[in-house]
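Work through the exercises below with the sequence and the model in view. Each task is followed by its solution.

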Amino acid sequence: MNRRIPVELLNILHFWLSACYVSVKWFDAWSNVFKVGFGVRQGSVLSPFLFAVYLDDLAKSCDSKRNVFIVLYADDILLVAPTLCQLDSLFKSCERELNLLDMAINYKKSVCLRIGPRMDARCATLSSSAGIVIPWVKEIRYLGVYIAQSRTFKCSLSSNRKAFYHSANAIFGKVGRVASEEVVLQLINSKCMPSLLYGLEACPLVKSELSSLDFVINRFFMKMFRTNTIEIVRNCQSYLGFNLPSDLWSNRVKRFDVKYATSGGSFVKYGFTVA
């Protein structure tokens, strides 16, 4: 109503969401039908928008002048603050707002990470209003991207490399000695490279990190063509038109920068940085 949505549309949404009935299937057995009196329908096109509107009041806790931000993506919440005192205040504010929304923080999945020149310094304990301690860790996972404790913003690539090796070895073990090299590399490009480069266009990678990603591909080529000579590997990559992760990353960064600059989001407006 605060968004001045037409009453007719509100009535449709109210009727639609208040008439949710579901049942549970287990093998060939079905449970009795029961009514669901809260939440949105999973898989619905409207559900993400309705959930975003429901959580929108959390954004009131943001204060760009003090570099205090809340990043929301569905039910994943990331709190960013330059000091521990501000982080604690922001955390308590989110707790109160979520309590008003009849929601709660999953403390078992909540952790703290410090980025900056004093990242190794001992930090005071951050706890919830109920006294539950939020632990300090050296690595966090947010939306599939692993962020590491460091002096500057840094992404951890170990999980990306593990995901690539897992899927690449599975493919190579099934068809590596049967299918042609072109077919195997096409599968690697479509199934494995996305795992290796997932989310990295938003990460400021340095030359050594890009080299570590290229090393993963070079080692796979050595295994595939049964050679330890890097010159042979590079000739094979050139002949087969296989791009290294460092080249793909550069192109993805350019596309990401264009989308980021034209998105008009608050991060662009306020020049969001992590100190």
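Axes are lines fitted to C-alpha atoms, for helices over the stretch in contact, and angles run from 0 to 180 degrees between N-to-C directions. Helices (H or I, at least four residues) and strands (E, at least two) are DSSP runs, numbered from the N terminus. The model is predicted: local features need pLDDT of at least 70, side-chain atom pairs count only at pLDDT 80 or more, and totals for chains, interfaces and linings use all residues. Residues are numbered from 1 along each chain as its sequence is written, and side-chain values use heavy atoms, with hydrogens and water left out.

**Exercise 1.** Find how helix 6 and helix 7 are oriented to each other, and which residues meet.

Step 1. The axes of helix 6 (residues 207-225) and helix 7 (residues 230-240) come within 10 Å, crossing at roughly 95°.
Step 2. Angles under 35 degrees count as roughly parallel, over 145 as roughly antiparallel, 65 to 115 as roughly perpendicular and the rest as oblique. Helix 6 and helix 7 are therefore roughly perpendicular.
Step 3. On the helix 6 side, Ile-217, Asn-218, Phe-221, Met-222 and Phe-225 are in contact (heavy atoms within 4.5 Å). Their partners in helix 7 are Ile-230, Val-233, Cys-236, Gln-237 and Leu-240.
Step 4. By class, this contact of helix 6 with helix 7 has eight nonpolar, two polar and no charged residues. Here Ala, Val, Leu, Ile, Met, Phe, Trp, Tyr, Cys and Pro count as nonpolar, Asp, Glu, Lys and Arg as charged, and the others, Gly among them, as polar.

**Exercise 2.** Describe the packing of helix 4 against helix 6.

Step 1. Helix 4 (residues 158-175) packs on helix 6 at an angle of about 15°, and the axes are 11 Å apart.
Step 2. That angle makes helix 4 roughly parallel to helix 6.
Step 3. Helix 4 contributes residues including Arg-161, Phe-164 and Phe-172, while those from helix 6 include Ser-212, Phe-220 and Lys-223.
Step 4. The residues of this contact of helix 4 with helix 6 divide into eight nonpolar, two polar and two charged.
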